[in-house]
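Have the structure open as you read.

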Amino acid sequence: MKAVVKMGRGPDNVVLRDVEEPVAVPGHVRVRVVATGICGTDIHVAHDEYAHEVPVIMGHEILGVVDAVGDGVDEQWIGARVACETYYSTCETCEWCRAGRRNLCPSRRSLGSFENGGFSAFVVMPVTNLHRLPDSLGPLDGVLAEPLACVVQCLLDPAVVNAGDRVLVTGPGAMGQLAAQVALAQGGRVTLIGLAKDSDRLAIAAALGITTSTEAPETDAYDVVIECSGSAPGAAAALRAARRGGRYVQVGIFGKEVTLPFDVVLYKELVVSSGFASTATSWRRAIALIEQGQVSLGPLVTREVPIERFAEAFAAAAAGEGIKTVIIPS
Ligand SMILES: [Zn+2]
Ligand SMILES: [Zn+2]
């Protein structure tokens, strides 16, 4: 099968290769990949800005159908349409694993960075990581289940938006769009901001009922600011826009050290919080939001690219074109 493999250092070492099809080992399933979304972290992996081991098949925002099960796995899984948690394995003995926070396990090995991921026709993963998707979901919407679970980890565990809160979301990429939708579902009065070049992406949010802007946000005005741009100017704008005693939530990843006006955290007594990847709890809540129709995922899938043209898809994602670009393996 064809797979997008990170072979070594530098973006030139991301190549399309023929690799052997994996088999389902005990406790695991093999998933036939329908589509895998390109995440910001994939771009960071390509540029060596996110921890990984090589060689590895990239991609973790996987939508697929279970195609084979290993020993000890219920055969009823075969044919199920699923999305999956990013973890391949965690230690299960550290204090974070034991507290149900496997996302923080120092030994966590995840799909697409340490274990072979979803930019390929098949991927093998532990059955414990699977989530059956509701039938109501459109054909490719499920690629956004994993990013939604990550957003939920940042916004709902614990809940950071109260009904009536003024909420600012910076960065209209997939994470910003999902954060805006979730904050709206929580009863926030949400404004999603971007740059002038983001007008197409902001239009998609506006069509879903979210207030959008390309202006600099009002200073000291928002109860909650949710930073999804992963850029220093976006984070600085969010810090300045937070009101005294408000909350700053980091969702985006910078991938490098950045300079920020961090004193405003002190001057305004901001609460800073975040979320890293997802937990079983955030997945359960994410699936509930999907089932209840509180999030619209379909409009966020803006481009489908066959695996042979992955380089073009990576370039578009890195340039911030569209919202979610997905790779179709076959
Ligand atoms: Zn991701
Ligand atoms: Zn652990």
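Just past helix α9, Gly-320 adopts a positive phi of about 75 degrees. Helices here are DSSP runs of H or I with at least four residues, strands are E runs of at least two, and both are numbered from the N terminus. Before going further, some housekeeping: this is a predicted model, where local features need pLDDT of at least 70, side-chain atom pairs count only at pLDDT 80 or more, and totals for chains, interfaces and linings use all residues. Residues are numbered from 1 along each chain as its sequence is written, while chains are lettered from A and ligands numbered from 1 in the order in which they are written.

Now back up into α9 itself (residues 310-318), where Phe-310, Ala-313, Phe-314 and Ala-317 are buried (20 or more other C-beta atoms within 10 Å of the residue's own, with C-beta atoms placed from the backbone). Looking down the α9 axis, these buried residues fall within an arc of 100 degrees, so they line one face of the helix; the arc is taken over directions from the helix axis to the C-beta atoms. They pack against β1, β2, α1, β17 (301-306) and β18 (324-328), with contact meaning backbone-placed C-beta atoms within 7 Å.

Two of those partners, β1 and β2, sit in an open sheet of 3 strands, ordered β2-β1-β4 with antiparallel pairing (strands pair if DSSP finds at least two bridges between them). β2 (14-18) and β4 (56-57) are at the edges with a single partner strand each, so one side of each lacks a neighbour in the sheet. Strand β1 (residues 2-6) pairs with β2 over 5 bridges, and Val-5 stands opposite Val-15 in β2.

How values were computed:
Buried ≥ 20, exposed ≤ 12 C-beta atoms within 10 Å, placed from the backbone. Contact = placed C-beta atoms within 7 Å.
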